[in-house]
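Biologist: Please take me through a single part of this model in close detail. I would like the surroundings too, with the cut-offs spelled out.

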Amino acid sequence: MEPADQHIGETGERVCAHCGHLVPPLRYCVRCGSPFDRQGRRQEFAAHPGEPARALRLFSTLFPHLPQAGYDSFRYAFALGIAVVAGLVVAGLFPLALVAAAIVVPVLFVLYFIEVDLYERAPLTIIAATLAWGAVIGAVVGGAARITSGSASADSASTFAAAVPGAVGLALFGAALAAIGPLALIRHRAFDDVLDGATFGAISGAVYACTAAVIRAGDLLGAGLRPGGDPLPWLVRLATLGIAEPILLAATVGSVCAAFWLRYRAPVKDHRALGWLGVPGIAILAGLALLAATSAARVTLDLFGGLLATTIAAAIGLLWLRATIHLGLLEEANEAEIGPPTRCANCGRMTPGHTFCGWCGVSLQALPKSSGAIAAPSDPAKSAL
């Protein structure tokens, strides 16, 4: 039976069977997020209760701060972007379709920042610089790809022995540079959560991938609005360059950056909570291996094979990023003391100020930075903020 709604402190605390701490007797442990109505460690995603921790989910993984009520609007925006790209391809406007495909994922990230009012206390220049960093690296790598390949529209090279090392080298070089910008923020006091590393890494990786795709296609953009050709290959190509590859880069760079935050910023007792993937050096090698295999497959396979390989790699990256976020949120709760009540931005109820909402189980760190600072109603001055 679920406990009735009550004020914090009116009843005795209970011992959480999982973490062993004394916590308020609500529906979820405010320290580790485990539900009290069933035994064992929580199997729900720490950022969004109701979703499995181990599952392939696009929006809750890439946009973990997004409240559950905001999912539908993002799904509609994503579907609208795909429909616009498909419509432009059917109309034969392939260059415009490429540009539209390249901005779908970055636009979703911009809407995400606006929707949740993310990092409202952080200097705008830091956020803008991170976005600009991904774009600059994408422009550099895209330009280098044009010089080495001659045209972004070429899907194969005359000699695989020369094409594969070049494609792999550029992919690894670009991804490594894209991660440097977010990693420069690891010592910033405003960004001390694992989710910060994942968020900035993901947006830098996505912007890098999309900018590189547009720059590589410079020859196509100069061939007129209707260069001709069969629409189907273009749809496959745009799905790879505009959707699958940005998601792959967002998930991979976000995972690598989150591993650094989990290791060096999270106040955890066990830095190996994620196993070897929680070690930054191993995470870097794993990310490079995933990107290298994908780049090699895209050079050696046909268009459909390249799309399949990139989609599979993106799925692996999303699962990796989700596991990093989940375990990072769980491990950050061990050392902090329970603070005064705050209002959960997900369910709207007052909950003890710690790591997880005692009523809905969502990680309070997965909510917008401004949401977790709302004081209890007993303080009218702060409640009005």
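Modeller: **A nonpolar patch and its surroundings**

Val99, Ile103, Val107 and Leu111 make a nonpolar surface patch of about 290 Å². Patches are made of residues with over 30% relative accessible area and no salt bridge; like charges are joined within 9 Å, and nonpolar side chains (Val, Leu, Ile, Met, Phe, Trp, Tyr) within 5 Å. Accessible areas come from the Shrake-Rupley method with a 1.4 Å probe, and for residues only the protein chains shown count as cover.

This is a predicted model: local features need pLDDT of at least 70, side-chain atom pairs count only at pLDDT 80 or more, and totals for chains, interfaces and linings use all residues. Residues are numbered from 1 along each chain as its sequence is written, and side-chain values use heavy atoms, with hydrogens and water left out.

Leu111 sits in helix H3 (residues 94-116). Helices (H or I, at least four residues) and strands (E, at least two) are DSSP runs, numbered from the N terminus. Leu111 has a relative accessible area of 36%, so it is partly exposed; buried means under 20%, exposed over 50%, and partly exposed in between (1.4 Å probe, protein chains only).

Now to a partner of Leu111. Leaving aside neighbours within four places in sequence, Ala77 is in contact (heavy atoms within 4.5 Å) with Leu108 and Leu111. Ala77 belongs to helix H2 (residues 71-90). Ala77 is partly exposed because its relative accessible area is 25%.

With Leu58, Leu62, Phe63, Phe78, Val105 and Ile247, Leu108 lines the largest cavity, whose volume is about 40 Å³. The structure holds 2 cavities of 30 Å³ or more. On a 1 Å grid over the protein atoms alone, a cavity is a set of points where a 1.4 Å probe fits but cannot get out; lining residues have an atom within 4 Å of a point. Grid points are joined across faces, edges and corners, and a volume is the space filled by probe spheres set on the points.

Finally, the whole chain. The protein chain has 11 helices and 6 strands. Of its 385 residues, 50% count as buried. The chain exposes about 16,700 Å², and carbon and sulfur atoms supply 64% of that. Among contacts between residues at least 6 apart in sequence, 68% join residues at least 24 apart.

Note on methods. Salt bridge = Lys/Arg side-chain N within 4 Å of Asp/Glu carboxyl O. 1 Å grid on protein atoms, 1.4 Å probe; cavity = no way out; pocket = protein on both sides within 12 Å on 5 of 7 lines; lining within 4 Å.
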